[in-house]
Amino acid sequence: MNTLPDGVAIHGAMKPGFDTILTPGALALLADVHRRFDAERQRLLAERQTRQARLDSGEEQLDFPAESAAIRAGAWTVPPAPADLRDRRVEITGPVDRKMVINALNADVKCFMADFEDASTPSWTNMMEGQINLRDAVHRTISFTDEASGKSYALKDDPAVLIVRARGLHLDEAHLTIDGAPIAGAFFDFALYLFHNHAELARRGTGPYVYLPKLETRFEARLWALVIRHCETALGITPGAVRVTVLIETITAVFEMDEILWELRQSITGLNAGRWDYIFSYIKRQKSDPGRILPDRGQVTMAAPFMASYARRLIAVCHRRGAHAMGGMSAFIPVKGDDAANTAAMERVKADKTREAGLGHDGAWVAHPALAPVAKAAFDAVMPGPNQLSKQGELTADREALLTPVAGSITQAGLAGNADVAIRYIASWLQGRGAAPIHNLMEDAATAEISRAQLWQWRVHGARTDDGQLIDAARVSAAITGAARAIRSELGENAWAAGRYGEAQAILESLVLADEFEEFLTLPAYAKIREV
């Protein structure tokens, strides 16, 4: 581009159409947001690490903050949801590639969460094409023809309501710098989507609806509130038109749900029980406590007492404040070519959504259009109205109920399974696919994080498998080597090399054998997908 705002530099390739997103006005907004708010973002990210050090040393324990007790005790509510967000009984989620956007908006669901975060590899091309795809979807100009099959895709007349998940505060967008520093991926995603779509969304009687991921504290929610309010003012948007749902997917945030709603009270419509990242955060923030070791991932279900307590509290807090309590994602997906396995998967999804509806959630996620009728039937059975806000659960402040780990065992199969899933997922991520079907489950960055976090946790604390064998560095390395060997044999040498599985194996091994726990696996991996 010939005319960039002062201090703004683009380091990614300007492919066809990118200039229609990175316009002078859009870049000026990005620069403004960065200069006003990035210092506070950096301070909050540093505070995460300072707090982690306090947790590791035992100086601090996870608990409800005493200093914000008045907020938790107060009688206040958030604004009612806009008309098209009052019924969210089924939301489908997925990455922002063009075909996915069309299929998801055409699915028999209430909402589509277009995901710039865990379901998308944050390559420059993916992120920029995602902005183009969402703009075209909002303006009803989107279409797609599959070159392989020749099949064409177009948007139906009454698509699902669009909600966009921006990247977490921890991720930079290295391909755009302002005054020499990379902009936050979160600010990049949010501000560009808002800039290009707010007017058309308003014209169509809807609005800019956003999911905010991986918040840890009320102070991070406060930062987002300031960013949202500033962007609304800068763009001349009616205050409160931006509506957000916050994923409660960190163990720290579960103790500040009231406070997060309070800080975002001009914009928020609900909270979501992001179960997979929550399990990862449970391990990460309590990584130094040998009393918080979790068993095999498959045993850490929503029926586990600490997970059930988390869901119940989220519902109670939300409904007390007039906010939606959204359920999470079952990882099961349809199984092609195996009727018995497909039936079993559908039954698992049905049981999961029936449980969520019965608890009082106002809706939940699915990962595939074929699962929408299953989830819808579960909610229709208990929710004749648009939501269950009137269902007031018992609100308890039971710290131990949220922290006591589930009883269970660590098995050799669990050890090998974690290595296998992590290698396969990281390879998919490096290839540019952030959502990957693996062994008939839909895996994204969160589930891969659980796998590598468990391997690290078990090794560091000298856990033992159910047959009494120690999990040490040698055994973890052997599990990774064995999983890699099996994948390589299954795929063949050419596919192994082309799929970047060797790089994935190396990344996993470096993460799980390191002395220090890496905050997110995507941070070191990001350097391997940067486009120059």
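**Exercise 1. How many disulfides does this model have by the distance rule?**

Solution. Start with the rule: a disulfide is a pair of cysteine sulfur atoms within 2.5 Å. Applied here, the count comes to 0 disulfides. Take C318 as an example: its sulfur lies 15 Å from the closest cysteine sulfur, in C111, which is too far for a bond. Next, look at burial, where buried means under 20% relative accessible area, exposed over 50%, and partly exposed in between (1.4 Å probe, protein chains only). C318 has a relative accessible area of 0%, so C318 is buried. C231 also counts as buried, at 0% relative accessibility.

A word on the model: it is predicted, so local features need pLDDT of at least 70 and side-chain atom pairs count only at pLDDT 80 or more, while totals for chains, interfaces and linings use all residues. Residues are numbered from 1 along each chain as its sequence is written, and side-chain values use heavy atoms, with hydrogens and water left out.

**Exercise 2. Describe how helix α5 packs with helix α6.**

Solution. First find the two helices: α5 covers residues 185-203 and α6 covers residues 218-235. (Helices, H or I with at least four residues, and strands, E with at least two, are DSSP runs numbered from the N terminus.) Their axes are 11 Å apart, at an angle of about 30 degrees. Axes are lines fitted to C-alpha atoms, for helices over the stretch in contact, and angles run from 0 to 180 degrees between N-to-C directions. Now classify the angle: under 35 degrees counts as roughly parallel, over 145 as roughly antiparallel, 65 to 115 as roughly perpendicular and the rest as oblique. Therefore α5 and α6 are roughly parallel to each other.

Finally, list who touches whom, with contact meaning heavy atoms within 4.5 Å. From α5 come A186, F187, F190, L194, F195 and H198, and from α6 come L223, W224, V227, I228, C231 and L235.

**Exercise 3. Is R48 buried or exposed, and which residues does R48 contact?**

Solution. Begin with its place: R48 sits in helix α1, residues 24-57. At 6% relative accessibility, R48 counts as buried. Then set aside neighbours within four places in sequence; R48 is in contact with L169, H170, K214, E216, E220, R285, E519 and F520.

**Exercise 4. Where is N440 found, and what is its phi?**

Solution. N440 is in the loop between β14 (436-438) and β15 (441-443). Its phi is positive, about 65 degrees, although N440 is not a glycine. For background, most residues other than glycine have a negative phi. With a relative accessible area of 39%, N440 is partly exposed.
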